[in-house]
Every structure is written in C-alpha cells, then in structure tokens.
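Thanks for coming. I have one structure to go through today, so please have a look at it before I start.

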Amino acid sequence: MTATAFRDDVLRHLKYTMGKDPEHAQVSDWRLALSYAVRDRIVDPWFAATRASYDQQAKRVYYLSMEFLIGRLLEDAIVNLGLLDEAARVMDALGVPLSEVMDDEPDAALGNGGLGRLAACFLESLSSIGVPSMGYGIRYEHGLFKQGFRNGRQTEEAEAWLARPDAWAFERPEAAFHIGFGGDVRRSGGKTEWIPAEAVVAEAFDTPIVGWQGAWANTLRLWSARPESLFDLERFNRGDYSGAAEPEALARTISRVLYPDDTTDGGKRLRLKQEFFFTAASLRDILRRFRSEYGRDYDRLPQKVAIQLNDTHPAIAGPELVRLLHDEEGLDLAHAIGLAQGTLNYTNHTLLPEALERWPVGLMADLLPRHMELIEDIDAAHAQIHPGRGVSLVEHGEAKMGELAFVMANRVNGVSALHTGLMKETVFKDLHALHPERIVNQTNGVTPRRWVLSANPRLSALITEAIGDGWVGDLEQLSELEPFVDDAGFVERYAQAKAQNKADLAQFLREDRGLVLDPDAMFDVQIKRIHEYKRQHLNILETVALWQEIHDDPQGDWTPRVKIFGGKAAPGYVFAKEIIHLINSVAARLNDDPVTSKYLRVAYPANYNVSLAERLIPAADLSEQISTAGKEASGTGNMKFALNGALTIGTLDGANVEIRERVGEEHFFLFGMTADEVTARRRIAGHAAQAIAADPRLQRALAAVRDDTFAPGEPGRFAGIADNIAGPDYFLVASDFTDYWRAQREVDAAYRDPSGWMKSALLNTARSGWFSSDRTIRGYMADIWDARPVAAE
C-alpha cells in the first residue's frame, strides 16, 4: 500500500462517509475518516481468518466476559498493522497531527478494572497468535460512569462514548436472538419447555481485533438490548407518550450501564438480567455456528468448542447450555450435563467469599425459573456422584454461582501461583478435594503491543535499537537487555526516556486537569479500583505520617515525592468513596502547605481509564502493589509497571510473588505479612489496637485523620475510616503500617542514588518479559482449551 493510496482513502472517507471537505472538517471528522481507512485494512485479514477457521474446522475459543476494557482502538490497530509511520506522514501532510487525531478517540466504556483489561489483552494475544476465537460481552451505552470530584467527593455521570459514531463496530442485524425472562415451566409428553413472560432482542455488533503484524483478526461480539416491539403506536395515539416508549426504555436498560448498583432489589434483578442476557445470546450464537459446521453432532462439542467464563458473571452458562441441549435439542439430561462440563471452563478472580456471586433462590426462580430447576438438578447429580460431599450449589436460600461454575467446568484456573494455591485451600477447598485435577494455574499477562510499544514509544525505540524488534512478538527476548545494565551510556538513555515521560505527564496533568507536579520528584503511583483490600487508605495514611515528619524537620534530607492515585469506587460502596474523599482532602491540605509541598504532593486525576493509564505507567518511578496478602488474585497493573521500569513496593500477594522472583528481591521493596500470617493475625483479639499502641507515628497519623486536620470545621468527617482501622481492621492496615513505613524509607534512600535506581529499573524491564499475555494464552491453549493456532491464507 502506498502513502498516496492511504491518503486517498482517508480523504474518500472524509468526503463520502463523513460528508465533509478538508476545509470544514473537525478533528473528530478526521479521526473517524482515518479510523474507517484503517478498518478497511483490517477487513481482509479478518475475512481470511474466518475462512481459514471454517476450512480447517479448527477448534474455536469463546471468551465470555462482562467487561472488555479495550480503551482506544485506533492506535492499537495502526501499530499492529505496521502503519504508524505511514499514518503520521499522511496526517501531517493533511495538516492534522496524528497525535491530536488519536487523542480525540473516546475510551470505549466497556469495563472498569483488571478483569476487563485482562480480557482485552487476551483478545489481542489470541489474534496475534492466530487462535480462532471470539469475545462476547455487552455493548454498554454508558459504561460504568464518568468520574468527577466535587468538594473532594466522587461524582458519577453517564459516559458518552457512543455520542459519535463507533468507527470499529459492524452492526449485525441478522445475528439477533430473543432472550426471555420470567414465565412458567411446562411439561408435556416427556419434554420440558420454558415459556418466558417477557423477552428482549439481543442485537450483535462486531469489532475486529487485529493481531500483531496484521496476519490474523478475531471478533469481539457485543450484544445490545432492544424490545421485541420498538414503539407502541396505539398508546402514543392515545396521548400516552411516555408509555409508548416504555418497552424500548426497559429493554435498553439491560445494556445501558456496567455494574448497576445492586444494593436494591431492582439493582439485583437488573444485574442478573444482564448476566443472563449476554450469556444466553452468546451460547445460542455459539451453537448456531457449531451446527453450521457439524450439524447436530453434539458429541463433538467439547472437541470443537472451548468456552471460557471470565469470573462468575457468566456462570449461568452452565444451566443455560444444559437447557439448550436437553430441553431444546432433546439430549438426555445427564448427557447434556456431561457435554456442558466438557465445553465450559472457569477463571476465578477472587478469594473474597462475598465476591463469589450468590443469587437469592426466589429471585432466580422468578426471573429464570427453568434455570433454577436445572441448578438443583445439577446439584443433585453431583451429590449422587459424590455422596457425603461437604458443599452444595444451593445453600441458605441462595444459588452459589462460584460453586456452580466450578462444578460445570472442565478446568478451573487461578491467575497467579499464589492465588491458585489459595483457591485450593480456601474458597474451593471442598470441591478441590472432590476434583483434585480440575484446578490449574495460568498467571496473568499483558500485551506488549499496547503496554510497551504504544504506551512507551521512547523506551520501545531504545529497546529495539539495542536488541532488535523481535521482542514485540516474543517478550521474553527482553532478557537480552540485561548486559546493558553495565553500559553507563545505555542506562543514561534509559533514564532520559523515563525523565521525558515524566515531563510529558506533568505537562498533561497541568494542562488537562490543573494539577501541578514536579517531574524531578519521585512519581509514586497507585492506580486501581478503590477497594479496602487494595488499601489505598494505607497509602494515604503513610502519606499523612510522612507529612507530619517533614513538618517536624523541614530541613531534613527528604526525597521529593508525588503521590499519584487513580481509580473509581463503585457507586454503592460508601467506605471506598470515603477513602477517595480523604485522599482528595489530604491533597488539598498538603499541596497548599508552604513548608512541605516542595517535598510531598498528592495528585488524584479524575476518571481513571486506559488512556490515562497509558500516560501514568510509563512515567511512574514506584508502583504501589500493597493489597492485603491473600486477597489480590493476580493484578496486571503490577506487570505493566515493571515492564516500563517502575520498581515495586508491595506485599507477597497475587503476581507480586512471581514478579519479585523474576526481577530479583533486591529490586523489589517487600513489606507486610504473608497470607498465612494474615490469617493468624486476624485470630488475635485487638490486633489493630496492639499495632497502634506500638507505633506513635501511626497514632499521630490516625489522630489527624480523625480530627479536623483534613476537614476544617467538620471534625470527625473521616472518623469512620480511623475507627475502621482502629477497630475491626479486617484488611490489617494498622498491622502492616509500621513495616510499610520502613519499606518506604528504603525507597527514599534508594531513589537518592539515581544510577543504582535506574539499573534496578532497567532490570525490572529486562526480567519481566515472562508477563506477556501471549505466554498466558499459550498456557490456556495447552492446559485448558486444547486449541491450536491456524494460519490464514
């Protein structure tokens, strides 16, 4: 393809797709025109991959997830197609800088945190490896929410990412399924039939996901809900205008918002509807495709189809697949259960029992009456095979979706070595004893194309200059950088790349968010959803203690530091929202302090998303991975930081354990209790009070949180946080504080040796190549899916 042809395609789409001429086009018009021109170049490998999958009758992988945090797709596609330089030249010639065009693209509001970002990385790696696969999820109109701050408190507004056309999605009106809810179950002539009381239509939108070097593209199919009847004209003509639109409004509610607040009965009902909606539509689509290749030879289903359930949200797939095979296709119930178990696999992402979904039996029976019966049938069949078992799928009036997903899975995987081991000992202890071969580990990974090549072009160019560009497709080649740690000139260039990234971030946050950062200070970053187990309150508590110490000795040898936070709290999670309020209140006080602000500042840019992460991670010096040991399943942010040369301060939790093993313990700042020590500590009555009594620093910091230091005129505003730390302190903030303080002072000392710090940073990059999602996907292929890559013609 010539530059002239590419330019002509952009101008053609500007004129004939957007209806604009260059003289009157806005940046968004240029962005859409460029996106359509790039999409044109994805379609051929996309079609070729589909043909090859059919021609070779390859096993297909289907990834079901409530979230796909894909971020912006334009740069991803340009990079993977090898068009970055070409696109930059074309857009420069047209008078619109490529960077300005790419920055105009909104983040797709399809996820919240690590769960969704992992799914996005996996889709890109599946395409890069050439595995026939599809992702299935929901096309949320408004995503989770757009976060703002008002007087330090989180505010939530609807995301508007679809306000302009989505250049990447192809609408597929022919791929539509009626999805029912409620109703009755009828039996006649030995057959069982579910008669739903209401239904919506699931409409498909397909986004091609192109892999590295553009050889293969898979599909992300997202479902949007619409009513069976779009508009009630009779009610409209009677003057009932709102009633006429009611069916559409109610149906669209299903695909409007990710994770609606489920603290109400209505919220719970909507969440269960969402989960069944996308899971049922996906399974019907999968079986339709299977039948187009193999007819009704369902015994081949486990050999030709692997379905991966990303957490418990699609766990209803078990009974729904059994219903489709048994009720609708006429297979014997035991046979249908066996085929479903051979086809489904389940990824667990949490060791928090409360995060393993449980639905009230009454709600399940009302909304999905046939599925409630099938859950009980599956439970009874499992009990018959395993008499005397210590676990059931229905207990205390609740259907247990984690246990259901486990029982209906061929393989169950954890996402880090520690997490997988703890799964066997805790949440699935009884089931593991019954099925000792079922649980396997697949440590998470991240795609290097997005998180190094695109996000950190300065570092990428330096790496490629040193070892060639093979690392982009084989990240473990980064180990070839290790000898350069003794090359003073290379280390200096590595340091310059980091410094320039920090300067860029400081400029962006000043211009876009009004935040002032000193790029010469250490950038200490914690970015993740706000949750007690992730312990943002430990971080801000140590910040308060450090501020107090600097006040005591303002002439001391302090290491200038900027504490950067990012992340959203669920709308109904009151305590997490109070943590956000505290962080912003501390920031307001510290950043205006004439004595300490030159040494310590706090920044909390609102509305953390993928695009903001792509700015923050390459600029970070220190990565905060400080969750209570035994609570974080894996993490992927920790991997992105390490690859981009940030040193980690963290506990032995999730994938931190494996990161520390690979980068070397001397290049990782360890603190805190182990998972076993956490369990033992919780058994000690008054453990928080003991920790506070033993540490005057902690006492003073808690007193400042409790009084009006950060809430002028409102003493006790944050007493709830202080009381939690001093009282139950389930996540052991008080007990880990003293060791966290120690580790942070080790960080200060290390940072004051710039050469030593940069050598450690370089070794983090060189030794983190194992944390590629390509490696993770190959593990799934071998240990879970029994899938093979396919070459497109």
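This is a predicted model: local features need pLDDT of at least 70, side-chain atom pairs count only at pLDDT 80 or more; totals for chains, interfaces and linings use all residues.

Let me begin with strand 9, residues 217–227. It is mostly covered, with 10 of its 11 residues buried. Which strands does strand 9 pair with? One is strand 2, residues 133–138, and that pairing is parallel, over five bridges. If you want a place to look, Tyr136 stands opposite Arg221 of strand 9. Another is strand 8, residues 198–210, which runs antiparallel to strand 9 and is joined to it by 11 bridges. There, Val200 has Pro227 in strand 9 as its bridge partner.

Strand 8 and strand 9 also form a hairpin, with six residues between them. Within that turn, Gln213 has a positive phi, about 70°.

Next, the cavities. How many cavities of 30 Å³ or more does a search of the whole structure find? The search gives nine. As background for anyone new to this, rolling a probe the size of a water molecule over the atoms shows where empty space is left.

The largest cavity has a volume of about 210 Å³. Its lining has 20 residues, and those nearest its centre are Glu105, Ala108, Trp161, Asp166 and Trp168. Sorted by class, the lining of the largest cavity holds 13 nonpolar, two polar and five charged residues.

The second largest cavity has a volume of about 90 Å³. Its lining includes Ile42, Leu73, Asp76, Ala77 and Asn80. Also in the lining of the second largest cavity are Glu124, Trp168, Pro208, Ile209 and Val210. Helix 3, residues 74–80, and strand 8 are the elements that supply two or more residues to it. By class, the lining of the second largest cavity has seven nonpolar, one polar and two charged residues.

Strand 12 pairs with strand 14, residues 398–400, in the antiparallel sense over three bridges. Among the bridges, Arg358 is partnered by Lys400 in strand 14.

Helix 22 covers residues 536–552, which is 17 residues. From first C-alpha to last it reaches 25 Å, close to the 24 Å expected at 1.5 Å a residue. Is helix 22 mostly covered or mostly uncovered? Mostly covered: 15 of its 17 residues are buried.

The other is helix 19, residues 448–454, and the residue to look at is Ser454. Its relative accessible area is 11%, and because the cut-off for buried is under 20%, Ser454 counts as buried. Leaving aside neighbours within four places in sequence, Ser454 is in contact with Glu75, Val79 and Arg449.

That is the end of my part.

Methods: Residues are numbered from 1 along each chain as its sequence is written. Side-chain values use heavy atoms; hydrogens and water are left out. Helices (H or I, at least four residues) and strands (E, at least two) are DSSP runs, numbered from the N terminus. The expected span of a helix is 1.5 Å times one less than its number of residues. Buried means under 20% relative accessible area, exposed over 50%, partly exposed in between (1.4 Å probe, protein chains only). Two strands pair if DSSP finds at least two bridges between them. Contact means heavy atoms within 4.5 Å. On a 1 Å grid over the protein atoms alone, a cavity is a set of points where a 1.4 Å probe fits but cannot get out, and a pocket is an open set with protein on both sides within 12 Å along at least five of seven lines; lining residues have an atom within 4 Å of a point. Grid points are joined across faces, edges and corners, and a volume is the space filled by probe spheres set on the points. Ala, Val, Leu, Ile, Met, Phe, Trp, Tyr, Cys and Pro count as nonpolar, Asp, Glu, Lys and Arg as charged, and the others, Gly among them, as polar.
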